[in-house]
Amino acid sequence: MNDPESAWLEVAPWGITPRVAQRLRATAEELAREWGVPLGERITAGRFSYVASAGDDAILKVVPVEDDGADHEADALALLQGDGAARLLRHDRARRAMLIERARPGHDASGLSEPDAIRVAVAAARRFWRPAARGSPFRSIGDHVPGWLDNAGDHYLVRQAKEIYATMRPSDTTLVHGDFHHHNLLSHRDGWVVIDPKPMVGEPEFDVPTFMWNPIGNQPTRESVERWIAAFAEAGLDANLVRKWAIVRGTYLGLPLSQGLTAETTPALRVVRALL
């Protein structure tokens with residue numbers, strides 16, 4: 001059963017509840033009138049926000065206040081200025097709304113073969129990662145990871161992840177995406193753009209693990225994990241640091257277990273177990 005006070009569905013297809021979607025749609029309709037754009041039907045792929053077409057060339061997105069990880073999404077898009085990420089056209093900070101250029105043709109990277117997905121991911125990451133300062137306005141990953149691990153519960157994997165994290169000293173000088181994976185990479189013209197950042201400042205290695213347990217439905221293996229690590233190491237990242245982040249992030253994102261899943265069937269935890 002869903003918690004009636006929660007903004008989030010607790011079972012597939014995941015995302016925001018109908019109650020929250022209705023609230024955000026009202027905001028989207030209000031902004032569409034103010035901005036003079038047509039509001040189309042909700043785009044189902046945008047499960048964690050209210051996302052709808054706004055004419056042929058734009059998307060109107062309203063982010064729920066419950067999603068504090070997206071507090072600075074517009075700031076990141078403004079910093080990138082359309083260079084490797086979807087271009088921010090308009091922003092209403094108070095109503096957590098953005099008008100964003102629509103990617104065309106807009107296919108995500110989940111349909112690519114693994115070698116092509118790796119190639120696209122490395123190229124996109126190099127464009128996204130850039131110098132950014134803590135507090136201007138981005139939060140640091142180091143301020144949040146300990147709490148996320150605490151929230152993962154009392155599990156032997158959590159204890160191991162905490163021991164590993166205690167050996168790490170995350171930097172806070174690079175803009176990181178926070179939710180980098182196949183479904184947040186869209187084809188646009190003759191290239192690819194990033195969407196839906198949960199931006200913070202940290203180190204590039206933090207962003208790699210989420211590719212390992214995506215796309216949705218993927219069951220990672222030790223071999224596939226090592227291929228992703230090798231590709232980003234070849235691009236200049238620290239392979240050992242990528243491994244540590246994969247264990248730490250896979251643990252706090254995979255635990256506590258979602259309804260109906262086990263440590264063997266949770267993709268993030270399959271990555272963790274492959275590396276321990």
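Leaving aside residues up to four places away in sequence, Thr251 touches Leu149, Ala152, Leu157, Val158, Ala161, Leu269 and Val272, where contact means heavy atoms within 4.5 Å. The model is a predicted one, in which local features need pLDDT of at least 70 and side-chain atom pairs count only at pLDDT 80 or more, while totals for chains, interfaces and linings use all residues. Residues are numbered from 1 along each chain as its sequence is written, and side-chain values use heavy atoms, with hydrogens and water left out.

Thr251 lies in helix H8; helices (H or I, at least four residues) and strands (E, at least two) are DSSP runs, numbered from the N terminus. With 0% relative accessibility, Thr251 counts as buried. The terms used here are buried for under 20% relative accessible area, exposed for over 50% and partly exposed in between (1.4 Å probe, protein chains only). Tyr252 is also found in helix H8 and is buried, at a relative accessible area of 10%. The contacts of Tyr252 are Val145, Trp148, Leu149, Ala152 and Phe206, again not counting residues up to four places away in sequence.

How does H8 sit against other helices? Two packed helices are described by the angle between their axes and the distance between the axes. Axes are lines fitted to C-alpha atoms, for helices over the stretch in contact, and angles run from 0 to 180 degrees between N-to-C directions. Helix H8 (residues 239-254) packs with helix H9 (residues 267-275) at an angle of about 140 degrees, and their axes are 8 Å apart. H8 and H9 are therefore oblique to each other; angles under 35 degrees count as roughly parallel, over 145 as roughly antiparallel, 65 to 115 as roughly perpendicular and the rest as oblique. The crossing of H8 past H9 is left-handed, a term for a near helix turned anticlockwise from the far one by less than a right angle, with right-handed used if clockwise. On the H8 side the contact is made by Arg243, Ala246, Ile247, Gly250, Thr251 and Gly254, and on the H9 side by Ala268, Leu269, Val271, Val272 and Leu275. These residues comprise 7 nonpolar, 3 polar and 1 charged. In this classification Ala, Val, Leu, Ile, Met, Phe, Trp, Tyr, Cys and Pro count as nonpolar, Asp, Glu, Lys and Arg as charged, and the others, Gly among them, as polar.

Helix H5 (residues 156-165) also packs with H8, at an angle of about 140 degrees and with the axes 9 Å apart. This makes H5 oblique to H8, and H5 passes H8 in a left-handed crossing. Here Leu157, Val158, Ala161, Ile164 and Tyr165 of H5 meet Lys244, Trp245, Ile247, Val248 and Thr251 of H8. By class, the contact of H5 with H8 has 8 nonpolar, 1 polar and 1 charged residues.

Attention now turns to the cores. A nonpolar core is a set of buried Ala, Val, Leu, Ile, Met, Phe, Trp, Tyr and Cys residues joined through side-chain atoms within 4.5 Å. The largest has 68 residues, and those with the most contacts inside it are Trp129, Phe180, Leu185, Met212, Phe232, Trp245 and Val248. Helix H3 (residues 114-128) gives the most to this core, contributing 8 residues. A second, separate core of 18 residues includes Leu31, Ala32, Ala58 and Ala97. Beyond four places in sequence, Phe180 touches Ala124, Ala125, Phe128, Trp129, Leu185, Val194, Asp207, Thr210 and Phe211. Phe180 and Tyr252 are 72 residues apart in sequence and 16 Å apart in space, C-alpha to C-alpha.

Helix H2 is largely enclosed by the rest of the structure, as 6 of its 8 residues are buried. These are Glu73, Ala74, Asp75, Ala76, Leu77 and Leu80, and they pack against strand S2 (58-62), S3, strand S4 (97-101), H3 and strand S6 (174-176). Just after H2, Gln81 takes a positive phi of about 55 degrees. Gln81 belongs to the loop between helix H2 (73-80) and strand S3 (88-92) and counts as exposed at 57% relative accessibility.

Arg189, a residue other than glycine, has a positive phi near 55 degrees; it is found in the loop between strand S7 (185-188) and strand S8 (191-194) and is exposed, with a relative accessible area of 63%. The peptide bond from Arg104 to Pro105 is cis, with omega near 10 degrees, and Pro105 is in strand S5 (residues 105-108). The bond from Asn214 to Pro215 is likewise cis, with omega near 5 degrees, and Pro215 is placed in the loop between helix H6 (209-212) and helix H7 (222-234).
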